[in-house]
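Subject: Structure handover

Hello,

Here is the structure I promised you. Please open it first, then read my notes below.

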Amino acid sequence: MRNVAVRLAIATPAMVRVDRAGRDARLIAEGDWLVAEAARMDEALRALTFAGVTQLVIDGSKISHLDSAGAWLILRTRQFLEAKGIRVTDVLLPETYRALYQRLESEALAPASIHPRRQTFADFLERIGRGTMHVLHQTYDLVGFLGRVTVETWEAILEPRHELPFAAFVQQIEETGLSALPIVGMLAFLIGVVLAYQGADQLKRFGAQIYTIDFLGIGILRELGGLVTAIVIAGRSGSAFTAQIGTMRVNEETDAMQTIGLNIAEILVLPRVLGLMIALPLLTFFADVVGLVGGMVMTYFDLGITFPAFMRELESAITLRTLLVGLIKAPVFAFVIALVGCFEGLRVERNAGSVGKLTTRSVVESIFLIIALDAGFSVLFSVLGI
Amino acid sequence: MSAGGSAGREPVIRIRRLVNAFGDAIIHDHLDLDVNRGEVLGVVGGSGAGKSVLLRSIIGLNRPSSGSIKVFGQETAEGDGEDLKGLQLRWGVLFQEGALFSSQTVAQNIQVPMRRWTNLGEEMMNELAAMKLALVGLPADAGAKYPAELSGGMKKRAGLARALALDPELLFLDEPTSGLDPISAALFDDLVRNLQQSLGLTVFLVTHDLDTLRAVCDRIAVLVDKKIKLGTIDSLSRDTNPWIHEYFCGPRGRAALAERV
């Protein structure tokens, strides 16, 4: 709805004209000099010419209504004329509006530079440089935070200064683990269905549809179960960590903790990191099972493989090691998610916008790190021949 | 449309039989109040007495349980965004923390009402924004800053500049001096009084601050027992209601009023 004209009732439209008498002139302003008329009067004033005039009176005595926008126009005109060497001998205004005009006049007004200057190529380069430095600093800080959390964790476990925040720890397991079961289960089931369907479709061409089960077993247990769970939890719990801790920072709760002598890393970070490191492997195992069930249901309907036959084939396709290879990654993912979530939460500044910005960043960073780590694990396992 | 407005004796705000209730808790019980053109009305009351609810009801952010609120003769109690259209450019509201839009600079904040309601050019809007900044006593370079870079007092001044962007006739101030140090608070009081006189404003001011009441307000409305008691500082300090008596004649009240002499 831009450029909607003000719907203020203008009783008498504003007018301006110049009456000349030789070198003297009168600038006569009449009508309603209100913000609604300001755009028109701005143009009208700019269009006036004062060639040959040396002395002038601004006569606004017939102005019926004046607001600060109108008063500013009159004041600006006066300043403009004086800058051009024309002497403004008097400004006549109705009694009611004299206070307003004098108030503006006393403020020594000069239009401020409000808009940021135009972007140049150098600015562009500078932005790239700043962005790079920012990423490096961020990495440096994150590694520092990793070190701090590691030290605090060992200290807290080996020589606890006081009772560990056990209740908070259990609560985190519940929040990040138990209540995530439905969404993780549903997604894992659907992934199992999709994999079985796509695998069966391709393998049927070679008459090798029975290997759909091998494909499912290895695919879900080794890779997808863990990866999907970690990504869901990064979106669900990693963001929650950042938002919770960030809100506490906005609210000065973390500052209060520090002044009382509480250790933020121990109270806020440790339960979340440890809780998620317990919860995520459990969730991953759950996702593995549900994913296989999804695949089993799909192979039954698509290929007509009965459940006992599925189980027999699965048993020959996978070993305990297949499962463990997938599960061993889960605590690492959990550590990264919780670490990044808490790290970004503690970086929140004291304004609400910062919480949203850093929450987004926390999720993007942890998903990126999860996938990068997963690729790293693949390389590692293949080198080790697992 | 500012000072010496054309409307006659009709009060700017006219509240009749206003009832506000949340569940079983009744906040306002058949409350009546008139605010006259050109006056500064201070509203006081204990915490939870419903000052903010009253303000929000008047400006259409809170739909009352029953009753009628007329601003410039227009009903706001049936609070529907569409109906308020004409009013939004006749009033300005300063929220407690300024409520500046955090993604925009102060100058852009001031220009938001101008962009919404006028067809002013960029250059003219910049000039007007600079003028409003000077009017509320902010330095010119504050215009290019973001709200997060301002102190609490500067945020309030910037919020006031935005409220004044379209030269409204009616100004609502929600606890304008809370969170300011006494010197800044006194300066803000002077500013409000000064602007009220030079722009010919009607001001509805919610406050806790006795000094503000003394320095700025023509009349005072006390929210007590779910209703309004109107008066001046002198008449109210003789009131027999225990809360009002304690408020004006307690240690803080006496100290603030003593400066009058």
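Two strands pair if DSSP finds at least two bridges between them. Helices (H or I, at least four residues) and strands (E, at least two) are DSSP runs, numbered from the N terminus. This is a predicted model, in which local features need pLDDT of at least 70, side-chain atom pairs count only at pLDDT 80 or more, and totals for chains, interfaces and linings use all residues. Residues are numbered from 1 along each chain as its sequence is written, while chains are lettered from A and ligands numbered from 1 in the order in which they are written.

**The sheet in chain B**

Chain B has 10 helices and 10 strands. Look for an open sheet of four strands, in the order S2-S1-S4-S5, with antiparallel pairing. Strands S2 (25-35) and S5 of chain B are at the edges, each with a single partner strand, so one side of each has no neighbour in the sheet.

Now go through the pairs.
- S1(B) and S2(B) are antiparallel, with seven bridges. Here B:Asn20 stands opposite B:His28 in S2(B).
- Strand S1 (residues 13-22) and strand S4 (residues 66-71) of chain B are antiparallel too, joined by five bridges. B:Ile15 faces B:Ile69 in S4(B).
- S4(B) pairs with strand S5 (residues 74-75) of chain B over two bridges, again antiparallel. B:Lys70 is opposite B:Glu75 in S5(B).

S4(B) and S5(B) make a hairpin, with two residues between them. In that turn, B:Phe72 has a positive phi of about 50 degrees.

A general point: strands of a sheet pair through backbone hydrogen bonds, either parallel or antiparallel.

**Cores and burial**

A residue is buried if 20 or more other C-beta atoms lie within 10 Å of its own, exposed if 12 or fewer, and partly exposed in between; C-beta atoms are placed from the backbone. By that rule, 48% of the 261 residues of chain B are buried.

A nonpolar core is a set of buried Ala, Val, Leu, Ile, Met, Phe, Trp, Tyr and Cys residues joined through C-beta atoms within 7 Å. How many residues does the largest nonpolar core have? The answer is 104. Those with the most contacts inside the core include A:Ala71, A:Tyr101 and B:Leu41. Helix H4 (residues 122-135) of chain B gives the most to this core, with nine residues. Another core, of 54 residues, lies apart from it, and A:Leu216 and A:Val340 are among its members.

Two residues are in contact if their C-beta atoms, placed from the backbone, lie within 7 Å. Leaving aside neighbours within four places in sequence, A:Ala71 is in contact with A:Leu66, A:Tyr97, A:Leu100, A:Tyr101 and A:Leu104.

**A proline in chain A**

Where is A:Pro165? Find this proline in the loop between helix H4 (121-158) and helix H5 (166-176) of chain A. A:Pro165 is partly exposed, because 17 other C-beta atoms lie within 10 Å. Beyond neighbours within four places in sequence, A:Pro165 is in contact with A:Ile267 and A:Pro271. A:Pro165 and A:Pro271 are 106 residues apart along the chain, yet their C-alpha atoms are separated by 6.9 Å.

Start with the sheet, then move on to the cores.

Best wishes
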